[in-house]
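Visitor: Let's go through this one piece by piece. Put the structure up first, please.

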Amino acid sequence: MTRRLEEREIVVATHNKGKLEEITALLEPFGVRVTSNDDHGLPEPDETEETFIGNARIKAHAATKATGLPALADDSGIEIEALGGRPGVHTADWAETPNGRDFVMAMERAWSELEAVDAPSPRQARFCCTLVLAWPDGHDEVFEGRMDGQIVWPMRGDQGHGYDPIFQPDGYTQTFGEMDRWEKNKISHRADAFAKFVKGCFG
């Protein structure tokens, strides 16, 4: 049985303003006040795990311990089947440069590695999102979402972010990079995880 969220305030363990806006809007109908790591002056903990669940747990438990409030964290990324599930938790790492993140470089790396192993088409992949809601007593609840699709080339579209221009979700002809942001948000891996979170903690 999933523990319900009875508290009226939670911390979202992120410094990402876009993510914070999305979650705030989602929780507004339930009368839950949302604050972020920035509001509490919390640093980003080191993400040392090799799974999305592991890293989301690190972030959620660090925030709940520091604030005494329930904390929600997510970890997400893309898993490419022919690359053994890589980049996975290293999705953002593939884009790291000395001058910030370069996702064009990351997408080029993903495609060149697929070419190097001569991966058959369709080159299947999935976006994954794991949400962890943690309480100060150490309890947590985990909600996992995913969106299956394939990697396409060349890059298409300038909407979204990250690997969106090379990811075409199953059942669609557009890439995430070509989709309207709100349309994508309705079907994404994050939407899937959040629907499970709402159903489990408020349903």
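Visitor: Start with Asp 118: buried or exposed?

Guide: Asp 118 is exposed, with a relative accessible area of 62%. Buried means under 20%, exposed over 50% and partly exposed in between, using a 1.4 Å probe and protein chains only.

Visitor: And what are the ground rules for the numbers?

Guide: This is a predicted model, in which local features need pLDDT of at least 70 and side-chain atom pairs count only at pLDDT 80 or more, while totals for chains, interfaces and linings use all residues. Residues are numbered from 1 along each chain as its sequence is written, and side-chain values use heavy atoms, with hydrogens and water left out.

Visitor: OK. Where does Asp 118 lie?

Guide: In the loop between H4 and S6. Helices (H or I, at least four residues) and strands (E, at least two) are DSSP runs, numbered from the N terminus.

Visitor: What is phi of Asp 118?

Guide: Near 50°, a positive value in a residue other than glycine. Most residues other than glycine have a negative phi, and most peptide bonds are trans.

Visitor: Which residues does a cis peptide bond join?

Guide: Ser 121 and Pro 122, with omega about -5°. Pro 122 sits in the loop between H4 and S6. The bond from Arg 86 to Pro 87 is cis too, with omega near 0°, and Pro 87 is in the loop between S3 and strand S4 (96-97).

Visitor: Switching to the sheet. What is the order of the strands?

Guide: S2-S1-S3-S6-S7-S8, six strands in an open sheet with mixed pairing. Two strands pair if DSSP finds at least two bridges between them. The edges are strand S2 (33-36) and strand S8 (167-169), each pairing on one side only. On average, neighbouring strands are turned by 35° against each other, direction ignored.

Visitor: How do S1 and S3 pair?

Guide: Strand S1 (residues 9-12) and strand S3 (residues 71-80) pair in the parallel sense over two bridges. Val 12 has Leu 72 in S3 as its bridge partner.

Visitor: Which strands does H1 touch?

Guide: S1, S2 and S3; the direction of H1 makes about 165° with that of S2. Contact means heavy atoms within 4.5 Å. Axes are lines fitted to C-alpha atoms, for helices over the stretch in contact, and angles run from 0 to 180 degrees between N-to-C directions.

Visitor: At what angle do H1 and H6 pack?

Guide: About 35°, for helix H1 (residues 17-27) and helix H6 (residues 189-202), with the axes 12 Å apart. Residues including Ile 23 and Leu 26 in H1 meet residues including Phe 194 and Phe 197 in H6. The contact divides into seven nonpolar, no polar and three charged residues. Asp, Glu, Lys and Arg count as charged, Ala, Val, Leu, Ile, Met, Phe, Trp, Tyr, Cys and Pro as nonpolar, and the others, Gly among them, as polar.

Visitor: How many aromatic pairs in the whole structure?

Guide: Nine. Rings of Phe, Tyr and Trp (its six-membered ring) pair if their centres lie within 6.5 Å; planes under 30 degrees apart are stacked, over 60 edge-to-face, the rest tilted. Phe 103 and Tyr 163 are edge-to-face, 5.8 Å centre to centre with 70° between the planes. This pair links distant parts of the chain, 60 residues apart. Phe 103 is partly exposed at 23% relative accessible area, whereas Tyr 163 is buried at 2%.

Visitor: Which residues form the aromatic cluster?

Guide: Phe 30, Phe 143, Phe 194, Phe 197 and Phe 202.
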